[in-house]
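Open your viewer and get the selection tool ready. We will walk from a helix pair to a few charged contacts.

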Amino acid sequence: VLDMLPALPTKWRVLLADDSAIIRLTVSHVVARVAQGLDWTVDQVDTAEKAVAKAVAVAGTKAAYALIIIDQDFGAAERMRGTQATTIMRAGGVDALILGFTGNSTEGHNKRALAAGQDAVIGKPFVDEEKFKRILQGLLQARARSPSSDRQQGGSTPTPPPPSPPPSPPLSGLTFVSSDSSGDEGYVSYD
């Protein structure tokens, strides 16, 4: 089943946005382990405003980000939220996979994040590299099958591999991932 998931791209630019230096360090280590042997570059910022500025500045170019992991709540009330940043990035031509990252994974919150243009929401903390890899593969698979699959996923995304067997139903159309207090993750499909 997992063999039918697409391979991760060999070259990707990743933008990680979180106000916590510890969270950025933890997530960057998870990304590095998932990308081991691949040419992935991870840029880090500590506000949604900086994430928007960086992502929009390179949208549509070869330097575009292919993956953006963004916190949903940057702490201070006057700060832009992750959903607001996502809406601005999408309007600015950002076509990266955008993963919302939150400690407040409620159904209403997650629906707002998806409506803003995020591809998935991941509950904090996440440290399991294999689950993170499967999430990325499921999102790539869903994007490849979607009507808008001609969208560019950042300037450095390789040409997709030849068609593979039909995807497994549990990961088909993956859009939302959440973990409960026990650490178990659930996938919610939009199919």
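Predicted model: local features only at pLDDT ≥ 70, side-chain atom pairs only at ≥ 80, totals over all residues.

Residues are numbered from 1 along each chain as its sequence is written, and side-chain values use heavy atoms, with hydrogens and water left out.

**Stop 1: the helix pair.** Select α1 (residues 21–34) and α5 (residues 129–145), which pack at about 70° with their axes 9 Å apart. That makes α1 roughly perpendicular to α5 (65 to 115 degrees). Now show side chains: V30, V31, R33 and V34 in α1 meet E129, F132 and K133 in α5 (contact means heavy atoms within 4.5 Å).

**Stop 2: a bridge across that contact.** Pick R33 and E129, whose side chains form a salt bridge at 2.4 Å, N to O (a side-chain nitrogen of Lys or Arg within 4 Å of a carboxyl oxygen of Asp or Glu). The two residues are 96 residues apart in the chain. R33 is partly exposed at 40% relative accessible area, and E129 is also partly exposed, at 27% (buried is under 20%, exposed over 50%, partly exposed in between, with a 1.4 Å probe and protein chains only).

**Stop 3: a buried bridge.** Move to R143 and D95, with their closest N and O atoms 3.9 Å apart. R143 sits in α5 and D95 in the loop between α3 and β4; both are buried.

Definitions and conventions:
Axes fitted to C-alpha atoms, helices over the stretch in contact; angles between N-to-C directions. Helix = DSSP H or I, 4+ residues; strand = E, 2+ residues; numbered from the N terminus. Parallel < 35°, antiparallel > 145°, perpendicular 65-115°, else oblique.
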